[in-house]
Amino acid sequence: MVAFDDQFRRQLRELFIWRRDVRRFRTDPLPEAALERLIDIACLSPSVGLSQPWRFVIVEDAARRSDVIDDFKACNADALACYSGERAARYAALKLSGLEDAPGHLAVFAEKASDIGHGLGRATMPETIEYSVVAAICAMWLAARAEGIGIGWVSILTPARIREILDVPESWRLIGYFCVGYPQAEFDRPELERADWDYRRAPSEFTIRR
């Protein structure tokens with residue numbers, strides 16, 4: 001068995017603390033094959049029944065990127081309309097996407113129709129396909145942070161429209177669209193917390209015993 005010492009565990013905790021959902025990127029290009037390397041690490045993640053349901057799309061085409069940005073802007077305007085008063089003003093002031101600046105765009109999907117894994121472990125909980133992809137994303141996110149690369153998860157999008165823009169199968173479900181690049185600055189607190197949108201609660205608020 002591989003052993004990890006106290007120093008490693010402390011550093012690992014620091015990695016978790018400093019992982020951020022990045023919105024403000026420098027325009028410096030990523031190193032060659034950086035996205036492919038991060039995808040390789042993501043694919044080391046566990047998946048239900050060894051289904052490996054993750055599907056990655058590196059988005060390089062300028063026209064497709066522009067269409068994604070247009071969809072974000074439309075969805076963001078709709079989201080803003082759901083708020084009023086001070087909360088609307090706070091929402092309007094938030095930077096919720098780094099799509100225009102980040103050098104890397106990556107869409108991650110879950111393939112629900114694949115027979116890889118032969119359906120093991122998901123008969124009663126089919127959503128574990130999507131959970132497996134999220135686990136892969138988390139591994140990728142931490143690996144990126146260890147290299148000083150930031151990732152921003154853009155969820156204010158229309159999944160069907162993104163699938164259309166990227167011309168992928170209908171059986172692929174969008175899990176996340178990600179901006180990837182070098183952050184303008186690094187923080188150990190979430191940007192939304194720093195912007196007084198909300199605050200991080202203690203783990204005890206989410207833990208019960210039975």
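## Ground rules

Helices (H or I, at least four residues) and strands (E, at least two) are DSSP runs, numbered from the N terminus. This is a predicted model, where local features need pLDDT of at least 70, side-chain atom pairs count only at pLDDT 80 or more, and totals for chains, interfaces and linings use all residues. Residues are numbered from 1 along each chain as its sequence is written, and side-chain values use heavy atoms, with hydrogens and water left out.

## The chain as a whole

The chain holds 7 helices and 4 strands. Their order along the sequence is α-α-β-α-α-β-α-β-α-β-α. The radius of gyration, taken over C-alpha atoms, is 18 Å. The C-alpha trace spans about 50 × 45 × 45 Å along its principal axes.

Of the 210 residues in the chain, 40% are buried. A contact means heavy atoms within 4.5 Å. Take the contacts between residues at least 6 apart in sequence: 82% of them join residues at least 24 apart.

## Helix α7

Glu193 sits in helix α7, which covers residues 191-194. Its relative accessibility is 14%, so Glu193 counts as buried. The side chain of Glu193 makes a polar contact of 3.4 Å with the side chain of Arg189. A polar contact is a pair of N or O atoms within 3.5 Å; within protein, one must be able to donate a hydrogen and the other to accept it, and residues adjacent in sequence count only if both atoms are side-chain atoms. Leaving out residues up to four places away in sequence, Glu193 touches Asp198, Tyr199 and Arg200.

Glu191 is in helix α7 too. Glu191 is buried, at 19% relative accessible area. Setting aside neighbours within four places in sequence, Glu191 is in contact with Arg23, Arg24 and Lys95.

## Aromatic pairs

A pair of aromatic rings is described by the distance of the centres and the angle of the planes. Rings of Phe, Tyr and Trp (its six-membered ring) pair if their centres lie within 6.5 Å; planes under 30 degrees apart count as stacked, over 60 as edge-to-face and the rest as tilted. The count by this rule is 8 aromatic pairs. In one of them, the ring centres of Tyr83 and Trp197 are 5.5 Å apart and the planes stand at 85 degrees, so the pair is edge-to-face. Tyr83 lies in the loop between α3 (62-80) and α4 (85-93), and Trp197 in the segment after α7, so the pair ties together parts that are 114 residues apart in sequence. Tyr83 is partly exposed at 33% relative accessibility, and Trp197 is buried at 18%.

Phe109 and Trp172 form a pair with ring centres 5.6 Å apart and planes at 50 degrees, so this one is tilted. Phe109 belongs to strand β2 (residues 104-111) and Trp172 to strand β4 (residues 172-181), so the pair ties together parts that are 63 residues apart in sequence. Both Phe109 and Trp172 are buried. Ring pairs also link Tyr83, Tyr91 and Trp197 into a cluster.

## Charges over rings

A charge sits over a ring if NZ of Lys or CZ of Arg is within 6 Å of the ring centre and within 35 degrees of the ring normal. Arg87 lies over the face of Trp197, 4.5 Å from the ring centre. Arg19 lies over the face of Trp141, at 4.6 Å from the ring centre.

## Leu166 and its contacts

Helix α6 (residues 159-166) includes Leu166. Leu166 counts as buried at 8% relative accessibility. Not counting residues up to four places away in sequence, Leu166 touches Val57, Val59, Arg64, Ala107, Phe109 and Tyr177. The C-alpha atoms of Leu166 and Asp61 are 9.6 Å apart, while the two residues are 105 residues apart along the chain.

## Cysteines

A disulfide is a pair of cysteine sulfur atoms within 2.5 Å. The count by this rule is 0 disulfides. For Cys43, the nearest cysteine sulfur is that of Cys138, 14 Å away. Cys43 is partly exposed, with a relative accessible area of 36%.

The closest cysteine sulfur to that of Cys179 is in Cys75, at 14 Å, too far for a bond. Cys179 is buried, with a relative accessible area of 0%.

Notes
Buried means under 20% relative accessible area, exposed over 50%, partly exposed in between (1.4 Å probe, protein chains only). The radius of gyration is taken over C-alpha atoms; the globule rule is 2.2 Å times the number of residues to the power 0.38.
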